[in-house]
Structure formats: C-alpha cells, structure tokens
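Here are a few exercises to work through with the model open beside you. Try each one before you read the solution.

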Amino acid sequence: MINAAINDTAIYHNGRTYAEHCAWLDSLVGDEYRIVYMPIGHLNSLATVSHLKFMLANLRMTAGERLKTLEVIDMCVHGSVTDEAVAAIEPCCETGRKMFQELNSLPIEKQTQAFHDGDVFRLLAKLNPSLLSALRLCQFNEIVPEQPRHRALEILQ
Amino acid sequence: MTSTMTKPGKRPKGKRRELAPLEPVDAQDGPAMKALPTDRHRAFVRALYTVRPGFGARVKAAKLAGFGCQHSTAQTMATIASRLSHDERILAAIAEEDQKFIRSSASRAIGALSRLIENPNAKDHVRGIAMILDRTMPVETIVKMQHDATPALRATAEVLARIADLAARAGVDLSKLPPMIDVTPVSKSERVA
C-alpha cells in the first residue's frame with residue numbers, strides 16, 4: 001500500500017492510483033462525504049435500525065420481544081450516531097427487508113464488511129432516504145464540506 | 001574365523017521355538033477374550049503383543065498360536081493371519097487387551113514419573129512436576145453462567161413503561177404498531193371507564 005502511494009501508476013485503492021484516490025476524496029461533498037467518512041459499523045447500525053423498525057411495524061411480538069428489539073435500537077446510539085439520527089430513521093421497505101435477509105445470511109464478519117465493499121448503504125439509502133437524513137444528524141469531527149476541496153487554492157491563500 | 005562357527009545366541013535354522021505352556025496363575029480373561037471360539041484364537045491375540053513388531057508379525061503370531069500346519073505355504077499363513085486379525089471377535093479382544101496393557105503399565109509409568117521428578121537434571125523435570133501438580137492441585141476455572149429463565153419479560157407495567165420510553169426515544173409510534181401477542185388490547189370504552 002505504501003509502495004502504491006509512492007508509485008504514480010500503481011493501483012492504490014478501489015481501482016484508483018494514489019493521486020486519483022486523493023482527488024476523489026477531495027471531490028466528496030455532502031452526503032457522499034458523510035457515507036465515506038462514517039465508520040462502516042455506524043452505517044451498519046443505522047441500516048439495522050431501519051430493519052428493526054420494519055420488524056416492529058409488521059410483526060406481532062410479545063412484550064419481551066418488543067422490549068428487546070427496542071433495546072437493540074437504543075444500543076445503536078453510540079459514538080457518532082445520535083438519538084436524533086436514530087429517531088429520524090423510517091422503517092425499510094419490502095425490498096430493503098429482502099436485502100437484509102440476504103445480508104443476514106452472510107457470516108457475521110462479512111455483514112459489516114458488506115457496507116464497505118458493496119456500498120450497501122447507498123442502495124439502502126436509495127430505497128429509504130430517511131437513512132441519509134439520519135446520517136446528516138450524526139456527529140462528525142470535521143465540518144462536512146459543501147464544495148469540493150481545491151488544495152492548490154488553499155496553498156495560494 | 002571359520003565358516004563353521006555360528007554367532008552366539010543365534011538359533012539354528014529350521015527349528016522353531018515352541019510355545020512354553022502357560023503357568024496356571026489363575027488370571028481371568030476379559031469378556032472379549034472369553035468370547036473367542038478357541039484357545040488358539042486367544043493365543044493369537046496374546047502372541048500379537050509378544051512378537052517383534054514389523055513386517056510378518058501377524059503371520060508369526062498365527063504360527064506361534066498353532067494355526068496352519070507344517071506344509072502351509074507362506075501365502076496360506078498370510079491369508080490365515082489376515083483373516084484372523086480382521087475378525088470382529090479378535091478385534092474386540094485386541095481392544096480389550098490394549099486396555100489391560102495400558103492399565104497394567106500405569107504403575108511403571110508412575111514409577112518412571114517419580115524418578116523423573118527426583119532428577120533435577122532431567123530434560124522434562126519441570127514438565128513432570130507440572131503433571132503431578134496438575135493432578136493433585138488442579139487449577140480451578142470457575143465459569144459463572146447466568147441464565148435468565150424467569151418470566152421477567154412478561155407484559156408487566158414496568159416492561160410496558162420501558163417499551164414506551166424506548167419507543168419515544170427511537171421515534172417509534174406505538175399506536176401504529178400491531179398489538180402485542182401477550183397483551184389484550186383495551187377497547188376505547190374500557191379505556192374511558
């Protein structure tokens with residue numbers, strides 16, 4: 001990876017050279033920036049909340065099951081994921097449920113990785129835009145840029 | 001050295017050592033050994049433990065047990081030995097004898113272990129000490145398991161209050177959720193009353 005960073009032509013990440021990767025990161029704004037910079041575990045948590053809310057809304061449960069489901073949702077409030085973000089998430093749709101069914105059939109170590117490799121969150125967010133609304137309510141350490149970053153201009157300033 | 005001289009201890013060819021008669025020591029065989037059809041079968045099992053291990057050991061055991069005859073060819077003896085050693089009854093008897101050998105060797109093993117721990121220069125001195133300590137004062141591992149099988153998650157007032165609290169925090173409208181299985185919904189008239 002370090003060699004690929006030194007070499008201008010070697011692939012650094014996801015089919016991009018190091019320079020291309022840096023340029024891509026600088027071009028990220030808004031929701032794309034949030035998706036890329038949010039840890040994949042938190043993305044998984046947000047998506048899971050939408051699935052759990054679907055289950056709450058569509059399945060008949062005992063009081064104990066309902067309590068446990070709500071406690072799992074409450075446990076997703078952690079780190080960058082705020083209470084407001086969890087509250088903003090709407091239940092997923094039937095297609096989303098099927099996606100979660102596929103996701104849950106994977107080994108546990110691959111379920112979170114799916115959010116990294118397969119851009120599952122983007123697909124789920126297309127079906128359920130409230131996930132993006134929730135992502136906007138999450139805490140980020142840096143200010144989310146609204147304009148692409150131009151490093152050359154920053155040096156001149 | 002002349003060619004007529006023989007090496008000391010070497011048996012003359014053509015003469016087999018005969019089985020010495022067993023002394024009556026009133027040793028009891030196990031059930032698998034007793035279940036064998038003849039004494040020759042039992043002798044075969046015992047001979048398997050006395051002949052030198054290696055190629056031809058089973059044939060030698062069969063010969064020592066008295067199977068075959070003077071004119072039996074090597075191929076015949078090999079067939080007899082193979083059939084004997086793959087007989088289920090013989091296999092059961094071998095398993096039984098294995099256990100006996102291991103159990104009867106325990107006293108020698110303990111003796112060797114005690115000599116080992118007395119010799120601080122031995123390579124496995126510490127290992128021997130650890131083996132004995134493990135068996136006399138084993139390290140106890142206490143695993144505390146909590147299995148909650150109490151019906152604590154029944155629809156009590158506390159549980160329902162907690163559900164309402166968590167649902168409010170998660171932005172879930174309880175009125176839009178399907179009724180719970182273990183809760184009888186209260187009609188509006190009853191609620192007013």
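Helices here are DSSP runs of H or I with at least four residues, strands are runs of E with at least two, and both are numbered from the N terminus. The model is predicted, so local features need pLDDT of at least 70 and side-chain atom pairs count only at pLDDT 80 or more, while totals for chains, interfaces and linings use all residues. Residues are numbered from 1 along each chain as its sequence is written, and chains are lettered from A and ligands numbered from 1 in the order in which they are written.

**Exercise 1.** Work out how H2(B) and H3(B) cross, and which residues make the contact.

Take the axes, which are lines fitted to C-alpha atoms (for helices, over the stretch in contact), with angles from 0 to 180 degrees between N-to-C directions. Those of H2 (residues 39–48) and H3 (residues 57–64) of chain B come within 8 Å and cross at roughly 140 degrees. That makes the pair oblique; under 35 degrees counts as roughly parallel, over 145 as roughly antiparallel, 65 to 115 as roughly perpendicular and the rest as oblique.

Now the residues, where contact means C-beta atoms, placed from the backbone, within 7 Å. H2(B) brings Phe44(B), Ala47(B) and Leu48(B), and H3(B) brings Ala61(B), Ala62(B) and Leu64(B).

**Exercise 2.** Compare the burial of H3(B) and H6(B).

H3(B) is mostly covered, with six of its eight residues buried: Arg58(B), Val59(B), Ala61(B), Ala62(B), Lys63(B) and Leu64(B). The cover includes H2 and H4 (74–85) of chain B. Just past H3(B), Gly66(B) has a positive phi of about 95 degrees.

Then turn to H6(B), residues 125–136, with twelve residues. The number buried there is zero, so H6(B) lies largely in the open.

**Exercise 3.** How many residues of chain B touch chain A?

Using the contact cut-off from Exercise 2, 20 residues of chain B meet 18 of chain A.

Key:
Two residues are in contact if their C-beta atoms, placed from the backbone, lie within 7 Å. The expected span of a helix is 1.5 Å times one less than its number of residues. A residue is buried if 20 or more other C-beta atoms lie within 10 Å of its own, exposed if 12 or fewer, and partly exposed in between; C-beta atoms are placed from the backbone.
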